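Biologist: Could you take me closely through the salt bridges of this model, and through the parts of the chain that they join? I would like one connected account, with the cut-offs spelled out.

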Amino acid sequence: MECLTFVLGNERFAVDILRVREIRVWSVPTRLPAVPDYVCGVINLRGMIVPILDLRLRFGIGSAEVDANTVTLILGNGEERLMGLVVDAVADVLSLAGQDAVPARLSGHNSVLPFLDTLIRHQGQVIAVLDVDALMDLDSLPCQEGDHAA
């Protein structure tokens, strides 16, 4: 398995590289009314309307400081549904051996936990691999306190 790693604040996360459709330079999306705060808006990507989420806000890390490294990861599922994730920077691509990854069996009340798939040990760090299907399933997630009703 190969993963694309990226940075949010001081943390590194990853997603399955096969789910990454493209990496786009940050551009301001069109805002939508009455959506959760972490939904930045939508973009028109070659005729498809793609929702853009700010993972810092979704995970409670704080709002992003947009700079030259800020990018939008466009992720897809097998049904050609797309979603963009605003991240601070892309780090690298990791090829994982079986011993490097362990299932994420964590419990508690944390805004990241519902999206964890696997934990990777890499160069003395632990990197959380996110479940792209869970990230893309906006309908099943309750709004967090402070979010607007969808």
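Modeller: D133 is partly exposed, with a relative accessible area of 45%, where buried means under 20%, exposed over 50% and partly exposed in between, for a 1.4 Å probe and protein chains only. This is a predicted model, in which local features need pLDDT of at least 70 and side-chain atom pairs count only at pLDDT 80 or more, while totals for chains, interfaces and linings use all residues. Residues are numbered from 1 along each chain as its sequence is written, and side-chain values use heavy atoms, with hydrogens and water left out.

The side chain of D133 meets that of R19 in a salt bridge of 2.7 Å, N to O, the term standing for a side-chain nitrogen of Lys or Arg within 4 Å of a carboxyl oxygen of Asp or Glu. The two residues are 114 apart, D133 in helix 2 and R19 in the loop between strand 2 and strand 3; helices (H or I, at least four residues) and strands (E, at least two) are DSSP runs numbered from the N terminus. R19 itself is buried, at 17% relative accessible area.

By this rule there are 5 salt bridges. Another joins D88 and R56 at 2.9 Å, N to O, and because D88 lies in the loop between strand 7 and strand 8 while R56 belongs to helix 1, this pair ties together parts 32 residues apart in sequence. Both D88 and R56 are buried.

R24, partly exposed at 25% relative accessibility, forms a salt bridge with E22, with the closest N and O atoms 3.4 Å apart, and a network of salt bridges links E22, R24 and R46.
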